[in-house]
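Good morning, and thank you for making time for this item.

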Amino acid sequence: MIASYAHKKQCFLCFDAFFTYFITNSNLLPTSVVPFLLQVKIPFVETSEYAFWAFWVVLIGMAVLLFLLAIVSGAEISYFSLSEKTIQGFKESSNVTEKRVAYLLSKPRNLQITFIIVLRLIKIAFITLAVFMIEHFFEESVEEWFILVLLLSVILLVFGELVPRIYAHEKQLRFSKRHAY
């Protein structure tokens, strides 16, 4: 179901108010950048300031979720590719982080279930934001939807799954110690 323009305007009005306040009152941004950020427009189907801010909120949210997906995917591979000898060494170690890794791996079923649930939740959130972005900010042609869905799928697969898993497998000790919580 595609929302009407009035419904979209209500949804994005809160984004507009929050980010306009944040940009104008933030000490994080240089003062020379603030007027530029408030005047930049991107050609959407709806060219308005609230659509501009909502687009960037969704895009930043997707980037954060992709980063979290990469960390969790890499952590999964790094934990389960450790050898028994390494795990035994971690159990006998005086290092707190190594003991934590050994404890987590003492219950591999619980750890695997946790990884599966977290990975699925992150993917669902990413796809939800992607659908929201496609539905609200791009024209409704079938070709454009297909290209965007294909592009987002490739980004999700390559940068959220493959690259982090390859990196974590190569640097399994460092990665597993860094992400032992």
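I shall go through the overall fold, the confidence, the surface, a charged network and finally some individual residues.

First, the basis of the work. This is a predicted model, in which local features need a pLDDT of at least 70 and side-chain atom pairs count only at pLDDT 80 or more, while totals for chains, interfaces and linings use all residues. Residues are numbered from 1 along each chain as its sequence is written, and side-chain values use heavy atoms, with hydrogens and water left out.

Let me turn to the fold. The protein contains eight helices and zero strands, so that the pattern along the sequence reads α-α-α-α-α-α-α-α. These elements are DSSP runs numbered from the N terminus: helices are H or I with at least four residues, and strands are E with at least two. Of the 181 residues, 34% count as buried. Here buried means under 20% relative accessible area, exposed means over 50%, and partly exposed lies in between, with a 1.4 Å probe and protein chains only. A contact means heavy atoms within 4.5 Å. Taking contacts between residues at least 6 apart in sequence, 73% join residues at least 24 apart.

Next, confidence. pLDDT is the predictor's confidence in each residue, from 0 to 100. Its mean over the protein is 76, and 70% of the residues reach 70 or more. Where pLDDT is low, the predicted coordinates should not be read in detail.

Now the surface. The protein exposes about 11,600 Å², and carbon and sulfur atoms supply 69% of that area. Accessible areas come from the Shrake-Rupley method with a 1.4 Å probe, and for residues only the protein chains shown count as cover. A nonpolar surface patch is formed by Trp56, Leu59, Ile60, Val64, Phe67 and Leu68, with about 540 Å² of accessible area together. Patches are made of residues with over 30% relative accessible area and no salt bridge; like charges are joined within 9 Å, and nonpolar side chains (Val, Leu, Ile, Met, Phe, Trp, Tyr) within 5 Å.

I come to the charged groups. Side chains of opposite charge can pair when their charged atoms come close. A salt bridge is a side-chain nitrogen of Lys or Arg within 4 Å of a carboxyl oxygen of Asp or Glu, and how many are there by this rule? The count comes to three.

One of them joins the side chains of Glu76 and Arg165 at 3.0 Å, N to O. This pair links distant parts of the chain, with Glu76 in helix 3 and Arg165 in helix 7 (residues 142-170), 89 residues apart. Glu76 is buried at 10% relative accessibility, whereas Arg165 is partly exposed at 24%.

Another joins Glu161 and Lys123, also 3.0 Å from N to O. Because Glu161 lies in helix 7 and Lys123 in helix 6, the pair ties together parts that are 38 residues apart in sequence. Glu161 is buried, with a relative accessible area of 10%, and Lys123 is partly exposed at 29%.

Arg165 also forms a salt bridge with Glu161, where the closest N and O atoms are 2.9 Å apart. These two residues are four apart in helix 7, which means that about one helical turn separates them. Through shared partners, salt bridges join Glu76, Lys123, Glu161 and Arg165 into one network.

Finally, helix 5 (residues 96-106), where Thr97 is placed. Thr97 is partly exposed, at 23% relative accessible area. Leaving aside neighbours within four places in sequence, Thr97 is in contact with Lys177 and Ala180. Between Thr97 and Arg178, 81 residues apart in sequence, the C-alpha to C-alpha distance is 8.1 Å.

Beyond residues up to four places away, Glu98 touches Phe90, Ser93 and Lys177.

Thank you; I welcome your comments.
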